[in-house]
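Here is a brief report on one protein model. It takes strands, helices, a loop residue and charged pairs in turn.

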Amino acid sequence: MTAAPDAPNTATLTITCPDRQGIVAATSQCLHRHGANIIHSDQHSTDPEGGTFFMRMEFHLEGLPGAWADFERAFAETVAGPFDMTWTLSAATRPKRMAVLVSRYDHCFLDLLWRVRRGDLNVEIPLVISNHEDLRRDAEMFGIPYHVIPVTKANKAEAEAEQIRLMHEAGVDFAVLARYMQILSGDFLHALARPVINIHHSFLPAFIGANPYRAAFDRGVKLIGATSHYVTEELDAGPIIAQDVIPVTHRETPESLMRLGRDVERQVLARAVKAHAEDRVLVHGNKTVVF
């Protein structure tokens, strides 16, 4: 999160509401009345006449920890209510708690751990959940509890219930599938009631199956990439947060395509996690506004 030097007094406000005149003015006036100073502001409207309005503001308010409840109540009553807003207020000093689910591929998993340790991602990782033992040592090297919950067709419901229990117990704010090779059920998503971010190669839906890079090689593709999105009940079709592609040539092999693809996956997933952790992603139907 981009914060003022005096981080304890800095917060981020996000807003989604029907577009109409006076939204920015009312929000700014409320902040002004409470002595706040706006540090950054971004906004977007799908249509100034009857569309949806999105805004993200970072502001500094001296003594904010003590004034938090009063400001929150005043904003809800005088601005959010009258303008029919869906809104969030987040403190700069509170990193979001992120659960990581992983199977056997380690490239996205290790990249996230490294970025968190470096301070590049403003998150905490209270636990890792896997359906295999393979990456336990890596998680424990970073001091993160590693829980193995095998998943089969016979025990899927029980396994998901245990995963949800662990994440709720750890107080997670969202979860990331760092190449977790299991399909999450609709019951899981409803019971978890937290955002879940996924990453996958960008060949879908053209090249499905266990070896998409071989299929892409056989087709002679000239671009490979990755997509990170929020998970919904419709497989790999949730609101997209981040994407990227790189050019490749006829000189590549299926193996080199896979290596390049994994590099892109790491970067795209990190970009999506960072945007979510900094409250830069506002969901609008099956699309996103990313400030």
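Buried means under 20% relative accessible area, exposed means over 50%, and partly exposed lies in between (1.4 Å probe, protein chains only). Helices (H or I, at least four residues) and strands (E, at least two) are DSSP runs, numbered from the N terminus. This is a predicted model: local features need pLDDT of at least 70, side-chain atom pairs count only at pLDDT 80 or more, and totals for chains, interfaces and linings use all residues. Residues are numbered from 1 along each chain as its sequence is written, and side-chain values use heavy atoms, with hydrogens and water left out.

S1 pairs with strand S3 (residues 52–60) in the antiparallel sense, over 9 bridges. Two strands pair if DSSP finds at least two bridges between them. In this pairing, Ala11 stands opposite Phe59 of S3. S1 also pairs with strand S4 (residues 86–91), again antiparallel, over 6 bridges. Here Thr16 faces Thr86 of S4.

Helix H2 runs over residues 64–80. Its 17 residues would reach 24 Å as a straight helix at 1.5 Å a residue, but the end C-alpha atoms are only 19 Å apart. The expected span is 1.5 Å times one less than the number of residues. H2 bends by about 30° at Asp70. That bend is the angle between axes fitted to the seven residues ending there and the seven starting there.

Which residues of H2 are buried? They are Leu64, Phe71, Ala74, Phe75, Val79 and Ala80. These buried residues pack against S1, helix H1 (23–33), S3 and S4. Contact here means heavy atoms within 4.5 Å.

Leu61 sits in the loop between S3 and H2. Leu61 has a relative accessible area of 4%, so it is buried. Leaving out residues up to four places away in sequence, Leu61 touches Asn9, His34, Gly35, Ala36 and Ala67.

## Helix H8 and its ends

Helix H8 takes in residues 254–277. Its 24 residues should span 34 Å at 1.5 Å a residue, and the end C-alpha atoms are 34 Å apart, which agrees. After H8 comes Asp279, with a positive phi near 55°.

Ser256 lies in H8. Is Ser256 buried or exposed? Its relative accessibility is 10%, so Ser256 counts as buried. The Ser256 side chain makes a polar contact with the side chain of Glu252 at 2.7 Å. The Ser256 side chain also reaches the backbone nitrogen of Thr253 at 2.8 Å. A polar contact is a pair of N or O atoms within 3.5 Å; within protein, one must be able to donate a hydrogen and the other to accept it, and residues adjacent in sequence count only if both atoms are side-chain atoms.

## Salt bridges

A salt bridge is a side-chain nitrogen of Lys or Arg within 4 Å of a carboxyl oxygen of Asp or Glu. By this rule the model has 19 salt bridges. One of them joins Asp279 and Lys96 at 2.9 Å, N to O. This pair links distant parts of the chain, 183 residues apart. Asp279 is in the loop between H8 and strand S13 (281–284), while Lys96 is in strand S5 (residues 96–102). Asp279 has a relative accessible area of 11%, so it is buried. Lys96 is buried too, at 14%.

Other pairs sit within a helix. Arg136 and Glu140 form a salt bridge, with the closest N and O atoms 3.4 Å apart. Both lie in helix H4 (residues 136–141), 4 residues apart, about one turn of the helix. Arg136 is partly exposed at 25% relative accessibility, and Glu140 is partly exposed at 46%. In helix H5 (residues 156–170), Arg165 and Glu169 are also 4 residues apart, about one turn. Their salt bridge has its closest N and O atoms at 3.1 Å. Arg165 is partly exposed at 39%, whereas Glu169 is exposed at 61%. Salt bridges also link Arg56, Glu58, Lys274, Glu278 and Arg280 in a network.
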